[in-house]
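Subject: Handover of a structure

Dear colleague,

Please find below the structure that I am handing over to you. My notes on what was found in it follow directly after.

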Amino acid sequence: MMVVLSGLLAASLAIGLPVGSAYADEPTDGTGAGTSATEVLDSLEVKGRAPKTGYKRTQFGKAWADMDHNGCDTRNDILNRDLTGVRHKWHTHNCVVKSGKLHDPYTGKDIKFKKGKKTSTAVQIDHVVALSDAWQKGAQKLSEERRTALANDPYNLLAVQGRANQKKSDGDAATWLPSNKGFRCEYVARQIGVKHKYSLWVTQAEKEAMAKVLSSCPTQTVPDYTGVKDSTAEKTTESEQTEQTQTEQTQTEQSAEQAQQTQQTTQAPAPEPDPAPAPAPQPAPQQDVHYQNCTAARAAGAAPIYQGQPGYRSQLDRDHDGVACE
């Protein structure tokens with residue numbers, strides 16, 4: 001055994017690989033975690049940006065797929081991981097995040113998250129290496145299975161402020177960096193880890209921008225792998241669950257009363273055949289566009305579908321929050 005270890009050590013030194021380098025651990029995640037970020041950056045191929053021709057979100061598989069088969073989609077996995085004070089929608093097995101608080105790494109601000117048609121966008125899930133950027137720097141050559149893994153890899157995902165995510169768009173380190181300067185080293189190092197893991201290259205401008213950031217933190221290493229928690233049950237206390245139960249019951253009772261009032265209004269004799277002024281226009285577009293299920297809606301590029309939009313049906317809105325096929 002000592003002879004084998006000595007041989008491996010000698011081989012590592014012969015090719016210039018530092019002793020103790022995280023490259024020895026690459027079979028586990030391939031990011032180069034623990035190794036100098038500058039060293040891993042220097043190992044990445046430098047090439048020009050390839051054409052964006054053929055890029056579609058669907059090239060990276062189903063959005064927010066349950067890759068780890070834990071019964072929870074990737075979006076909610078990341079919300080559960082990155083938010084504190086999390087409360088869940090009832091009867092979702094501690095999966096669907098109803099509310100929580102995010103300390104946004106991109107801006108350094110604290111953001112309250114509340115699930116809803118007008119509020120969910122305050123916190124968005126960002127691909128640290130944008131999928132469009134990945135497509136133009138090597139992902140075109142990856143298999144669809146590998147691209148789907150990239151799109152849903154927790155190592156490449158962060159819950160962040162929605163406005164910051166939209167401002168970043170598909171930019172790389174040469175065109176966008178977090179306004180929170182204290183996070184830039186870790187951000188760039190994680191991008192390097194993602195690109196190393198999925199054999200993506202960098203442009204010369206991108207490499208220079210990354211190197212400039214890392215020059216202020218020469219000891220920065222590629223971050224360790226960040227997965228998702230196996231269970232988030234501890235985030236919801238017993239008292240919060242009781243409150244959730246009472247809230248859900250109240251909402252159910254209110255919905256029942258509203259349904260009864262609607263039914264009575266419908267059954268009441270109307271002197272004229274004019275349609276009801278408020279809700280009548282909504283069903284019309286649903287007759288023009290019909291998706292058999294959410295898979296069909298996503299394939300058509302229509303998901304998510306908000307209430308009132310063509311194709312929205314309550315059968316597709318499983319949590320009844322006004323957003324179908326999330």
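A salt bridge is counted where a side-chain nitrogen of Lys or Arg lies within 4 Å of a carboxyl oxygen of Asp or Glu. Lys197 and Asp153 form such a salt bridge, with their closest N and O atoms 2.7 Å apart. Please keep in mind throughout that this is a predicted model.

**Salt bridges**

In general, side chains of opposite charge can pair when their charged atoms come close.

A second example is the salt bridge between Arg49 and Asp172, whose closest N and O atoms are 3.0 Å apart. Arg49 lies in the loop between α3 and α4, and Asp172 in the loop between α7 (162-168) and α8, so this pair ties together parts that are 123 residues apart in sequence. Arg49 has a relative accessible area of 39% and is partly exposed, whereas Asp172, at 3% relative accessibility, counts as buried.

The loops that hold Arg49 and Asp172 also supply the partners of another salt bridge, in which the side chains of Asp170 and Lys52 meet at 3.7 Å, N to O. Asp170 is found in the loop between α7 and α8 and Lys52 in the loop between α3 and α4, so the pair ties together parts that are 118 residues apart in sequence. Asp170 counts as partly exposed, at 28% relative accessibility. Lys52 likewise counts as partly exposed, at 41%.

**Disulfides**

How many disulfides does a search of the whole structure find? The search finds 2 disulfides.

One of them joins Cys72 to Cys95, with an S to S distance of 2.1 Å. This pair links distant parts of the chain, with Cys72 in the loop between α3 (37-43) and α4 (74-82) and Cys95 in the loop between β1 (84-88) and β2 (97-103), 23 residues apart. The torsion about the S-S bond of Cys72 and Cys95 is about 85°, so this disulfide is right-handed. Both Cys72 and Cys95 are buried.

A disulfide also joins Cys185 to Cys217, with an S to S distance of 2.0 Å. Cys185 lies in helix α8 (residues 184-197) and Cys217 in the loop between α9 (204-214) and α10 (238-267), so the pair ties together parts that are 32 residues apart in sequence. Here the torsion about the S-S bond is about -105°, so the disulfide of Cys185 and Cys217 is left-handed. Buried means under 20% relative accessible area. Cys185, at 12% relative accessibility, therefore counts as buried, and Cys217, at 13%, also counts as buried.

**Strands and sheet**

Which strands make up the open sheet, and in what order? The sheet has 3 strands in the order β1-β2-β3, with antiparallel pairing. Its edge strands are β1 and β3 (110-114), each of which pairs on one side only. From one strand to the next, the twist averages 10°.

The antiparallel strands β1 and β2 are joined by 3 bridges. Arg87 stands opposite Ser99 in β2. Helix α4 packs on the sheet and touches β1, β2 and β3; the direction of α4 makes about 50° with that of β2.

Strands β4 (residues 123-127) and β5 also run antiparallel, and 5 bridges join them. Within β5, Gln161 is the bridge partner of Val123. Is β5 enclosed or open to the outside? Of the 5 residues of β5, 5 are buried, so this strand is largely enclosed by the rest of the structure.

With kind regards

Conventions:
Residues numbered from 1 in each chain as written. Predicted model: local features only at pLDDT ≥ 70, side-chain atom pairs only at ≥ 80, totals over all residues. Heavy atoms only, no water. Disulfide = S-S within 2.5 Å. Helix = DSSP H or I, 4+ residues; strand = E, 2+ residues; numbered from the N terminus. Buried < 20%, exposed > 50% of the residue type's maximum accessible area, 1.4 Å probe, protein only. Pairing = 2+ DSSP bridges. Axes fitted to C-alpha atoms, helices over the stretch in contact; angles between N-to-C directions. Contact = heavy atoms within 4.5 Å.
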